[in-house]
Amino acid sequence: MTKEMGPDRRFPQADREAWITLALYGLYFVWWYVCAYGLGGGDPEGYSYVFGFPAWFFYGCVLGYPVLTLLLWLVVRCCFKDLSLEAEEKTPPCYPEDQVGGRMERCAASTAGSSCESQGRGSGAAGDSGLDGGGCR
């Protein structure tokens with residue numbers, strides 16, 4: 001990221017998605033902790049069983065993980081956005097006098113090898129362009 005470009009618009013969305021993911025995994029940890037130590041606390045002789053598993057294990061691990069997976073799938077489908085990972089290029093504004101032969105000509109007098117002369121638009125000097133410092137307009 002350069003100073004000219006400013007902040008990237010993808011960062012707030014990525015931050016939001018990261019916080020949502022961390023919150024969901026935090027919720028899963030709380031779920032697992034309550035099941036493991038709430039239902040699993042005490043004498044193992046007193047445990048109740050679901051499908052042959054202790055209830056704390058069944059609800060915390062066997063049922064908890066698929067529920068979390070489904071919840072994450074729903075959140076990804078509803079809250080996450082598909083963003084390009086490619087860097088965005090800022091293009092200079094388009095001026096009516098830049099339109100040449102039906103296509104828009106861009107002038108980047110500050111980049112190497114690109115000048116107003118190469119585009120047939122003058123020398124790019126301050127006297128020719130009307131701008132101090134050079135430019136195509």
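**Entry 1: α2 and α3**

I looked up the pair formed by helix α2 (residues 55-62) and helix α3 (residues 64-79), whose axes come within 4 Å and cross at roughly 20°. The model is a predicted one, in which local features need pLDDT of at least 70, side-chain atom pairs count only at pLDDT 80 or more, and totals for chains, interfaces and linings use all residues. Residues are numbered from 1 along each chain as its sequence is written, and side-chain values use heavy atoms, with hydrogens and water left out.

Helices (H or I, at least four residues) and strands (E, at least two) are DSSP runs, numbered from the N terminus. Axes are lines fitted to C-alpha atoms, for helices over the stretch in contact, with angles from 0 to 180 degrees between N-to-C directions. Angles under 35 degrees count as roughly parallel, over 145 as roughly antiparallel, 65 to 115 as roughly perpendicular and the rest as oblique. I therefore recorded α2 and α3 as roughly parallel to each other.

On the α2 side, the contact (heavy atoms within 4.5 Å) is made by Phe-58, Tyr-59, Gly-60, Cys-61 and Val-62. Gly-64, Tyr-65 and Pro-66 make it on the α3 side.

**Entry 2: α1 and α2**

I next looked up α1 against α2; their axes come within 8 Å and cross at roughly 175°. The two helices are therefore roughly antiparallel to each other. From α1, Tyr-28, Trp-31, Trp-32, Cys-35, Ala-36 and Leu-39 make the contact, and from α2, Ala-55, Trp-56, Tyr-59, Gly-60 and Cys-61. By class, I recorded 10 nonpolar residues, 1 polar and no charged for α1 with α2.

**Entry 3: The nonpolar core**

I looked up the largest nonpolar core, which has 5 residues in all: Leu-24, Tyr-28, Leu-68, Leu-72 and Val-75. Such a core is a set of buried Ala, Val, Leu, Ile, Met, Phe, Trp, Tyr and Cys residues joined through side-chain atoms within 4.5 Å. Helices α1 and α3 each supply at least two residues of this core, and α3 gives the largest share, 3 residues. Leaving aside neighbours within four places in sequence, Tyr-28 is in contact with Gly-60, Gly-64, Tyr-65 and Leu-68.

I then turned to Tyr-25, found in helix α1 (residues 10-39). Tyr-25 is partly exposed, with a relative accessible area of 42%. Beyond its neighbours within four places in sequence, Tyr-25 is in contact with Leu-68 and Leu-72. Tyr-25 and Leu-68 lie 43 residues apart in sequence and 8.1 Å apart in space, C-alpha to C-alpha.

Tyr-33 also lies in helix α1 and is partly exposed at a relative accessible area of 43%. From C-alpha to C-alpha, I noted 7.7 Å between Tyr-33 and Gly-60, which are 27 residues apart in sequence.

Arg-10 lies in helix α1 and counts as buried at 14% relative accessibility. Leaving aside neighbours within four places in sequence, I found Arg-10 in contact with Leu-83, Ser-84, Leu-85, Glu-86 and Ala-87.

Conventions
Buried < 20%, exposed > 50% of the residue type's maximum accessible area, 1.4 Å probe, protein only. Nonpolar A, V, L, I, M, F, W, Y, C, P; charged D, E, K, R; others polar.
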